[in-house]
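Dear colleague,

Please find the structure below, handed over for your own work.

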Amino acid sequence: MSLIQTTEDLSAFRDRLRGARFIAVDTEFMREKTYWPQLCLVQVAGPDEAWCIDPLAPDIDLEPLKDLMRDTSVLKVFHAARQDLEIFHQMLGELPRPLFDTQVAAMVCGFGEQVGYETLANKLAKARIDKTMRFTDWSRRPLSQKHLSYALSDVTHLRVVYEKLAIMLERNGRAGWLDQEMALLTNPAAYETDPMESWRRLKVRGKSQRYLAGVIELAAWREREAQARDLPRQRILRDEALLDVVAQNPETIEALAQVRSMSRGMAEGRHGRDILEALARARSRPLDSLPRPPAREDLPQGLGPIIDLLKVLLKMKCEAAGVAQKLVASSADLERIAADDHAGVPALDGWRRELFGAAALDLKHGRLALAVSEDGKRVETLAVEVGEETEDADETERVGADGEGATTDGAGDGHAAARP
């Protein structure tokens, strides 16, 4: 059995991994019935061995595992790390560093949007993952060898995936791109839950400040209650019921019980009193302290065609560079770029600006044009010379999707000259 169930064995495993260049890590957890994820299994693979660690074993202290995760000399490799990092942040009070996420690295290397582990294992490690254990209840004991073998496959093949992606990043010069993404992923603020911010999960319908204050207070109460009782938010109060209660804004138990989505039993119990107190806090707040509902950004008229052109440019640039579009810019980002040259979106900063953002602004302002290549098989960008009216033909640069430049004659239209 490839299972560590004692502190002594875990300490010995940690000691053998000291000095390792990297380790591959994965977790199995349950959270359908809890607020906090219930850690059921941790899989760790070093260069020469891989083990499952049983956090539910009665004779184990996870401190050696925590030591390993805090060791900044060892790179921790995950796939789609966010949920795993949430668990380790709760366990350690900090995030494991340094970190390598193979899903993000694969997007940087052109494997598509949010590529799955099975796909990468197949393409890079030539391995096929048995999916029959995917919906296992990992909290049940004992675990069979079949369960453990399945769990270990999530880290044994991950070693190969990591090594091949690292080579690709070295060759394409994009290791710095990944470093920027890892800095975002390892920002502790992303894993710290502020109950007063939990209302942002909701689709707020009302537009008044007083209504929003009620949503904020009631959502914060629900979040604290869910954390304290370790229950899912929806088990405390469903989203629909929360918004209905705020809209009705009852001041008595009887009025609360009349809200369609509330049961009388809940209204008359402890939760009913807590709900009324939260609403009372919202009503008592001074008007000048109340938050304003998020402003809906109405795009100026006529931006639709510009946004469509930006989508074509994004697709062209990303296909040529071999990088996932989603990693560069979202549809909302394109809308904001179309409306504002200085929009605070990632696409206008860092490597994304070099790859797409600068060209997007050039396209928007007529310094760049899009055209279909002469063979009709691809879209090309054409550098446009913007200047004063002239009868002379200007020479413009044509840049294909492969980045190679050529020149082409352009016909003057009074302001800019370019044609494929």
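**Domains and their contact**

The domain assignment, which is automatic or taken from a database, divides the chain into domain 1 (3-190), domain 2 (195-289) and domain 3 (303-383). Met107, Glu113 and Trp177 account for 48% of the area that domain 1 buries against domain 3, more than any other three residues.

**Basis and confidence**

This is a predicted model, in which local features need pLDDT of at least 70 and side-chain atom pairs count only at pLDDT 80 or more, whereas totals for chains, interfaces and linings use all residues. Residues are numbered from 1 along each chain as its sequence is written, and side-chain values use heavy atoms, with hydrogens and water left out.

The average pLDDT (the predictor's confidence in each residue, from 0 to 100) of the chain is 89, and 90% of the residues score at least 70. Residues 388-420 have a pLDDT below 50, and this stretch has 67 contacts in the model beyond near neighbours in sequence. Where pLDDT is low, the predicted coordinates should not be read in detail.

**Annotated region**

An unreviewed UniProt entry carries the annotation "domain: HRDC" for residues 208-289; such annotations may be inferred rather than shown by experiment. Over residues 208-289, the chain is 73% helix and 0% strand, as DSSP runs (helices H or I, at least four residues; strands E, at least two). The end C-alpha atoms of residues 208-289 lie 13 Å apart.

Thr27 counts as buried because its relative accessibility is 4%, the limit being under 20% relative accessible area (1.4 Å probe, protein chains only). Glu28, at 11% relative accessibility, also counts as buried.

The side chains of Thr27 and Asp84 form a polar contact of 2.4 Å, and those of Glu28 and Gln43 form one of 3.0 Å. A polar contact is a pair of N or O atoms within 3.5 Å; within protein, one must be able to donate a hydrogen and the other to accept it, and residues adjacent in sequence count only if both atoms are side-chain atoms.

With kind regards

Note on methods. Contact = heavy atoms within 4.5 Å. Buried < 20%, exposed > 50% of the residue type's maximum accessible area, 1.4 Å probe, protein only. Buried area = accessible area lost by both parts, 1.4 Å probe.
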